[in-house]
Amino acid sequence: LSIQAKAGITHLSFPEWSDFFKDVSNSYYRKNNPNVYTEFSLKYAITTGHSVKLGFELIKAFASLSTSIGLIDSITIPLVIKWDFTAVPITLSYEYKFTSMKTRFTPYAGIGISYFISEVEAQADDLSNVRKAAGF
């Protein structure tokens, strides 16, 4: 049984988010890239060339939109929306290692199934201070 932990960076483009907000006038869309991910896996060697692997990943990303929703008594009402994206892919796979090759390079082939759990939390900043300043 082998236990493996990895960390790295990835680029998540979120084209759906940026495409949705490119038509919002007078707005500023921002996302953090690259994004950090972590992976933890357990690998069990059935024989010399055959193994099964159970892997878990954690992927997190953040994006925000700053815009205004209108004017009240000549005061611009700002709106800031923040999104936190979290994904946890869980993968069960089979791997075959080509042990017959007598080189320092050992290729692998594998097949697996994944279950992808994801969540997006959205938060709009509280506008009560702006409303109070405008007399509402």
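What share of the contacts between residues at least 6 apart in sequence joins residues at least 24 apart? I looked this up for the chain and found 62%.

**Entry: the model.** I note that this is a predicted model. I checked confidence before reading anything else. The mean pLDDT of the chain is 81, and 76% of the residues reach at least 70. Strand β3, residues 35-45, has the highest confidence, at 93. Helix α2, residues 128-133, has the lowest, with a mean of 52. Coordinates predicted with low pLDDT should not be read in detail. I left helix α2 there.

**Entry: the fold elements.** I counted 2 helices and 6 strands in the chain. Read from the N terminus, their order is β-α-β-β-β-β-β-α.

**Entry: surface and burial.** I looked up the accessible area of the chain, which is about 9500 Å². Carbon and sulfur atoms account for 58% of that area. Of the 136 residues in the chain, 23% are buried.

**Entry: Glu-95.** I then turned to a single residue. Glu-95 sits in strand β5, which covers residues 75-97. Is Glu-95 buried or exposed? Its relative accessibility is 16%, and the cut-off for buried is under 20%, so Glu-95 counts as buried.

**Entry: what surrounds Glu-95.** I listed its contacts, setting aside neighbours within four places in sequence.

**Entry: Glu-95 and Val-52.** I also took the C-alpha distance from Glu-95 to Val-52, which comes to 6.1 Å. In sequence, Glu-95 and Val-52 are 43 residues apart.

Notes. Residues are numbered from 1 along each chain as its sequence is written. This is a predicted model: local features need pLDDT of at least 70, side-chain atom pairs count only at pLDDT 80 or more; totals for chains, interfaces and linings use all residues. Side-chain values use heavy atoms; hydrogens and water are left out. Helices (H or I, at least four residues) and strands (E, at least two) are DSSP runs, numbered from the N terminus. Buried means under 20% relative accessible area, exposed over 50%, partly exposed in between (1.4 Å probe, protein chains only). Contact means heavy atoms within 4.5 Å. pLDDT is the predictor's confidence in each residue, from 0 to 100. Accessible areas come from the Shrake-Rupley method with a 1.4 Å probe; for residues, only the protein chains shown count as cover.
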